[in-house]
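I set out here what I looked up in this structure, entry by entry.

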Amino acid sequence: MKIFITKKIPQKGIDLLKSAGHDISIHDSSTPLSETELIKASQQADYVLNGGMQKFDANFFQNCPNLKALSLMSVGYDNVDISAATQHGIPVSNTPGILSGATADVAFLLMLSVSRKALFNHKRILQGEWKGFDPTANLGVELNNKTLGIYGLGRIGFEFARKAKAAYNMEIIYYNRSRNEEAEQILGARYVNFDDLLTRSDVLSIHAALTAETKNRFDKNTFTRMKNSAILVNTARGGLVNELDLTEALQTGQLWGAGLDVTDPEPMNPKNPLLTMENVCILPHIGSATVETRDNMALMAASNVLAAIKGEKMPQIINKEVYQ
């Protein structure tokens, strides 16, 4: 079978596909494919493995009639028109679970970095602004016994909450589409409504999927209901946060700080004012960026392709209804 990989992935995933005797072609460039280039390359393939953030819309599926399955090397799938894929009989899979720990680590890193203004003070050293000790300067805030609010308490949110409770004895509250009984039993997490999540959280961490309902969920209206001492953390998708409103909230003191591993758009404009604020830490979408996690993601994505080739259901299927 012909398999097209939209961006070079860890070699373990490539080797797994090659060892099964399949014909592999890879877009080995840091430049994303245009819509036309993506369609042209995919028309020559039986299966596509997406290693980047390429968009797969209705037009893509309409123009790739030979495509049999799409495998994503990611948890998120907001870049895919799942309805269109299903209409064309294309199963779509992702890689959930295995990146939960690594992404939770980055959420923890952002929370701690923002609370102590670590990144900003590192920049001060590079700029020659470290002149000596000042007992009233560079003050952060402590996290001990504070309240951590989780928006979307799934696997990643659970891992982050577990780390925060163990390290700082933080009280865990959460807002979810459904109750998370495991988190309630193990972490003592409390389910609250969205307004309570906003008003009670000292740190509010976003771990929800980006959908039409959640896009710009965190905007001026939500920021005005949060504590002015609160820290916002986002390791989910940039589109959940209205960055213009976030910038204003930070500039006016409506929020104390923010830590972002995802932005809208990505990459972020290097002139974005968020990058120069002392109470902000921004990372270039590195939530799953460890050797171990990326290797496992590549292997899972490749395994999903191999299952489809064998005529089996893709293990990590998103649109289960396609098999009906």
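The entries below follow the order in which I consulted the model.

Basis. I worked from a predicted model, in which local features need pLDDT of at least 70 and side-chain atom pairs count only at pLDDT 80 or more, while totals for chains, interfaces and linings use all residues. Residues are numbered from 1 along each chain as its sequence is written, and side-chain values use heavy atoms, with hydrogens and water left out.

Entry 1, the five-stranded sheet. I took helices (H or I, at least four residues) and strands (E, at least two) as DSSP runs, numbered from the N terminus. I counted two strands as paired if DSSP finds at least two bridges between them. I found an open sheet of 5 strands in the order β2-β1-β3-β4-β5, with parallel pairing. Its edge strands are β2 (23–26) and β5 (92–93), each of which pairs on one side only. I then looked up β1 (residues 2–5) and β3 (residues 47–50), which pair in the parallel sense over 3 bridges. The bridge partner of Phe4 in β3 is Val48. Helix α12 (residues 291–309) packs on this sheet and touches β1, β3, β4 (69–72) and β5, its direction making about 165° with that of β3. For such packing, contact means heavy atoms within 4.5 Å. Axes are lines fitted to C-alpha atoms, for helices over the stretch in contact, and angles run from 0 to 180 degrees between N-to-C directions.

Entry 2, the seven-stranded sheet. I noted an open sheet of 7 strands, ordered β8-β7-β6-β9-β10-β11-β12, with parallel pairing. β8 (190–191) and β12 (280–282) each have a single partner strand, so one side of each is left without a neighbour in the sheet. Helix α5 packs on the sheet and touches β9, β10 (231–234), β11 (257–260) and β12, its direction making about 150° with that of β10. Helix α11 (residues 243–251) lies across β10, β11 and β12 at about 145° to β11.

Leu232 stands opposite Leu204, and its bridge partner in β11 is Ala258. β10 pairs in the parallel sense with β9 over 4 bridges, and 4 bridges also join β10 to β11.

I found 12 of the 16 residues buried, so α5 is largely enclosed by the rest of the structure. Among the buried residues are Phe108, Leu110 and Met111. Lys117, which follows α5, has a positive phi near 50°.

I paired rings of Phe, Tyr and Trp (its six-membered ring) if their centres lie within 6.5 Å, with planes under 30 degrees apart stacked, over 60 edge-to-face and the rest tilted. The count comes to 9 aromatic pairs. The rings of Phe56 and Phe60 have centres 4.9 Å apart and planes at 85°, so this pair is edge-to-face. Phe56 and Phe60 are both buried. Tyr151, Tyr175, Phe194 and Phe218 form one aromatic cluster.

Terms used
Buried < 20%, exposed > 50% of the residue type's maximum accessible area, 1.4 Å probe, protein only.
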